[in-house]
Amino acid sequence: MPTRGTKSQPKASRPHMPGYGLPKGQKGLLPWTWAFERLRKSHNYWVATVRTDGRPHLMPVWGLWMEGAFYFSTGRQSRKAKNLATNSTCVIATENAAEAVVLEGVARETPELPLRRKFIRDTERKYKFDMSGFTADILNLREPIYVVEPRVAFGLHEKKSLNTATRWHFRK
């Protein structure tokens, strides 16, 4: 499961959390496969973007973890799309905070038609939702499909304690 654009798994380490009493060393770190499964299976995701005046914007979306990155769609005139047009940095989080996976990365619109077709097909399958009303606009690039390749990710399995707090760094 290497991430797109990388040659290997992301490197796991402890996040910087002063005052939380995290152990030193690697014991208890979550494997990337743990995060991968939650990214793949989450039904809803949170997308945080930044408005031009610096205020945050947070909204739930449907999305897909495929080819080592997170993909989602939104209307070109949506607040998310307008924010990403001026500041492409964003944060993506899975819906279950008790088994949290949070990605920091840069969103870019993907023009690749094979990926857009795969996104439509896989979204229909995952969500049991008919995308035919959106297909022409997506394939003609009138509406965006964003890909977020993570730079860093964080995971925490609440029931297994703070000792599981993990940060993954992605190398390009």
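Reply: A pocket here is an open set of grid points with protein on both sides within 12 Å along at least five of seven lines, and its lining residues have an atom within 4 Å of a point. The model is predicted.

Me: Which helix gives the largest share of the lining of the largest pocket?
Reply: The largest pocket, with a volume of about 260 Å³, is lined by 15 residues, and Ser-73, Thr-74, Phe-119, Met-131 and Phe-134 lie nearest its centre. Two elements give two or more residues to this lining, namely helix H3 (113-127) and helix H4 (132-139). The largest share, three residues, comes from H3.

Me: Which residues of helix H1 are buried?
Reply: Buried means under 20% relative accessible area, and what covers the buried residues of H1 includes strands E2 (45-50), E4 (64-66) and E6 (89-94). In H1, which spans residues 32-41, the buried residues are Trp-32, Trp-34, Ala-35, Phe-36 and Leu-39.

Me: What is the accessible area of the nonpolar patch that Trp-62 forms with Phe-129 and Phe-134?
Reply: Trp-62 sits in the loop between strand E3 (56-61) and E4, and it is partly exposed, with a relative accessible area of 34%. Together with Phe-129 and Phe-134 it forms this surface patch, whose accessible area is about 280 Å².

Me: What is the phi of Ser-161?
Reply: Most residues other than glycine have a negative phi. Ser-161, in the loop between E8 and E9, is partly exposed at 30% relative accessibility. Although Ser-161 is not a glycine, its phi is positive, at about 90 degrees.

Methods:
Residues numbered from 1 in each chain as written. Predicted model: local features only at pLDDT ≥ 70, side-chain atom pairs only at ≥ 80, totals over all residues. Heavy atoms only, no water. Buried < 20%, exposed > 50% of the residue type's maximum accessible area, 1.4 Å probe, protein only. Helix = DSSP H or I, 4+ residues; strand = E, 2+ residues; numbered from the N terminus. Contact = heavy atoms within 4.5 Å. Patch = residues over 30% accessible without salt bridge, like charges linked within 9 Å, V, L, I, M, F, W, Y side chains within 5 Å. Areas by Shrake-Rupley, 256 points an atom, 1.4 Å probe, with all protein chains shown as cover. Salt bridge = Lys/Arg side-chain N within 4 Å of Asp/Glu carboxyl O. 1 Å grid on protein atoms, 1.4 Å probe; cavity = no way out; pocket = protein on both sides within 12 Å on 5 of 7 lines; lining within 4 Å. Points joined across faces, edges and corners; volume = space filled by probe spheres on them.
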